[in-house]
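Student: I have a structure open and a few things to ask about it. Can we go through them one by one?
Tutor: Go ahead.

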Amino acid sequence: MTVPEFNKCVDLFADGMYRFVLKNIRDEDDARDVVQDCFEKFWNKYTEVEFAKAKSYLFSAAYHTMIDKIRKEKRMTNLDAQNFDLFHYEQQPGDLKKVLDDALETLPDIQRSVILLRDYEGYSYQEIGEITDLSETQVKVYIFRARKALKEYLVSIDYVI
């Protein structure tokens, strides 16, 4: 790959990677850091990666970097993460985006990732398998289970208006 092709990859894929990571980790600064780290890794290996496979390489790197960041943060203790319940928030009906985001939060990390790659980013099962290092069958199973869990969560009596 050449430097102009690398620059084209930045233009084409940076926004999609950012959206994917942001949906999973919900912190804009951390999402930017993950995307930046991925492009740094990509820059170090851009001569070894074909332009046609750049998208798959970048999203795989984003997925793995994001998972590493999530695991690292789970090991760290943070006072802000403590559940002090000082304030109580009543959810207002019609706050659909909040309900969908909450539903996604209930999913395990791998299910949330494959659902976001499939339904938000539009990747095929095969591409998702390459990004997440899963077989196509495993991807389909995770997507099925995630959709089932989302359906059960969204049709519960709490969200019927």
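Student: How many disulfides does a search of the whole structure find?
Tutor: The search finds 0 disulfides. Keep in mind that this is a predicted model.

Student: What is a disulfide, again?
Tutor: A covalent bond that joins the sulfur atoms of two cysteines.

Student: What about Cys9, buried or exposed?
Tutor: Cys9 is buried, and its relative accessible area is 0%. Cys38 is buried too, with a relative accessible area of 0%.

Student: What does Cys38 have to do with Thr65?
Tutor: Leaving aside residues up to four places away in sequence, Thr65 touches Cys38, along with Val34, Asp37 and Lys41.

Student: Where is Thr65?
Tutor: Thr65 sits in helix H3.

Student: And is Thr65 buried or exposed?
Tutor: Thr65 has a relative accessible area of 9%, and the cut-off for buried is under 20%, so Thr65 counts as buried.

Student: New topic, helices. At what angle do the axes of H3 and H5 cross?
Tutor: Roughly 150 degrees. H3 covers residues 54–75, H5 covers residues 109–120, and their axes come within 12 Å.

Technical notes. Residues are numbered from 1 along each chain as its sequence is written. This is a predicted model: local features need pLDDT of at least 70, side-chain atom pairs count only at pLDDT 80 or more; totals for chains, interfaces and linings use all residues. Side-chain values use heavy atoms; hydrogens and water are left out. A disulfide is a pair of cysteine sulfur atoms within 2.5 Å. Buried means under 20% relative accessible area, exposed over 50%, partly exposed in between (1.4 Å probe, protein chains only). Axes are lines fitted to C-alpha atoms, for helices over the stretch in contact, and angles run from 0 to 180 degrees between N-to-C directions. Helices (H or I, at least four residues) and strands (E, at least two) are DSSP runs, numbered from the N terminus. Contact means heavy atoms within 4.5 Å.
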